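Then turn to a few residues, one by one.

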Amino acid sequence: MPAARSSFLGDDLHVATSASARSLVSVGGEAEEEERTPYERVLYGLHHDQRWVKEVTLGRRVGFYRFRGELGQGNFSTVRLAFHQLTRDKVAVKVIDKSKLDQKTQRMLAREISNMDAVAHPNIIRLFEVVETLSRIHLVLEFAPGGELFNRVTADGRLPENDSAKVFTQVLSAVTYLHGLAIIHRDIKAENVFVARSGLVKLGDFGFSTRVTSLHQQLSTFCGSPPYAAPELYKDESYVGPAVDIWALGVLLYFILTADMPFKANTVAGLKRHILAGAFITPDHVSPAATDLIARLLVQEPSERPGTDTIAAHTWLATAPSQPTPLPLYVLAPTLSAQDSADVEVI
């Protein structure tokens, strides 16, 4: 998959339009069709094929991507399935309507793109491109054909403990990596864990994520889904980001092991009371080791929740696969070796 990364200047949103969407009408304009490369034919079609131009106008195509269906809806966006015209790779495109963005949501979007642009991990949904048009911003994302983990568990029931340990280890690996970069996700939930293929899951949706100067930095914005929110979020106090992610991991682990939630209520106010009380019951079918790990994660006092390294060393995860290593970041700019640099003449 060709990758064009996003760029930001200051606090305002400045999305670099990908090479596939740039106006390169001169490429192959005079050439015979059979003499053009596949890349040149696609570029030429984007600007001269009336059917393609119409599809762009109707929102059925953007850049090198042609839409084929809808995957989901958000408050300010729609996630659509698309195909890359050259590689035929499937991607998920998050389409954001600019007219619905106020200053706050613009800042959130800028953080989302910036944070996704900074990460490369086997268990994190990858951002490939950012394509901006006059009315919309398109985030071209890695496509996970298995859909949301939430839908899988809801439809098929709780996961066996061996499978649960494999899934949890992968999400934990993603969170460990993020915290190592001082990025707090703040919206960990089964709906944001995606099944890429059998045995492989990826954490996505960085809409509430933030990058901190220190993991001890105090935050104040209530983020995430209420059933996964840590008690300190309901106390209208400042909080430390990593502990909030750890609590959400505990709720996620409970859900995949039981297909149920540890804290339930018909209203947010009722849910708040249950979470602040901290009382929950783990079903008997959950093993003692898994029950112990859940109890360690869902601790009321944030400072008493374990760090990701401590969680990874828990006995319940002893037989789980080891955490994968991060991927190399995309580097579009040319790089020089030390020898190359020595040979460059400075003018």
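Predicted model: local features only at pLDDT ≥ 70, side-chain atom pairs only at ≥ 80, totals over all residues.

Residues are numbered from 1 along each chain as its sequence is written, and side-chain values use heavy atoms, with hydrogens and water left out.

**The largest pocket**

The largest pocket has a volume of about 1300 Å³. A pocket here is an open set of points on a 1 Å grid over the protein atoms alone, where a 1.4 Å probe fits, with protein on both sides within 12 Å along at least five of seven lines. The volume is the space filled by probe spheres set on the points. Of the 46 lining residues, Ser77, Lys94, Glu112, Asn192 and Asp205 are the closest to the pocket centre. Lining residues have an atom within 4 Å of a point.

Helix 3 (103-117) is among the elements that supply at least two lining residues each, as are strand 2 (65-73) and strand 6 (136-142). Helix 3 gives the largest share, eight residues. Helices (H or I, at least four residues) and strands (E, at least two) are DSSP runs, numbered from the N terminus. By class, the lining has 20 nonpolar, 14 polar and twelve charged residues. Asp, Glu, Lys and Arg count as charged; Ala, Val, Leu, Ile, Met, Phe, Trp, Tyr, Cys and Pro as nonpolar; the others, Gly among them, as polar.

| Residue | Relative accessibility | Class |
|---|---|---|
| Thr78 | 19% | buried |
| Lys94 | 14% | buried |
| Arg88 | 43% | partly exposed |
| Ala182 | 16% | buried |

Buried means under 20% relative accessible area, exposed over 50%, and partly exposed in between (1.4 Å probe, protein chains only).

Lys94 sits in strand 4. Its side chain makes a polar contact of 2.9 Å with that of Glu112. A polar contact is a pair of N or O atoms within 3.5 Å; within protein, one must be able to donate a hydrogen and the other to accept it, and residues adjacent in sequence count only if both atoms are side-chain atoms. The C-alpha atoms of Lys94 and Leu139 are 4.9 Å apart, although 45 residues separate them along the chain.

Thr78 lies in strand 3. Its side chain and that of Gln73 form a polar contact of 3.3 Å.

Arg88 is in the loop between strand 3 and strand 4. Its phi is near 65°, a positive value in a residue other than glycine. Ala182, in the loop between helix 5 (161-180) and strand 7 (183-184), also has phi near 65°.
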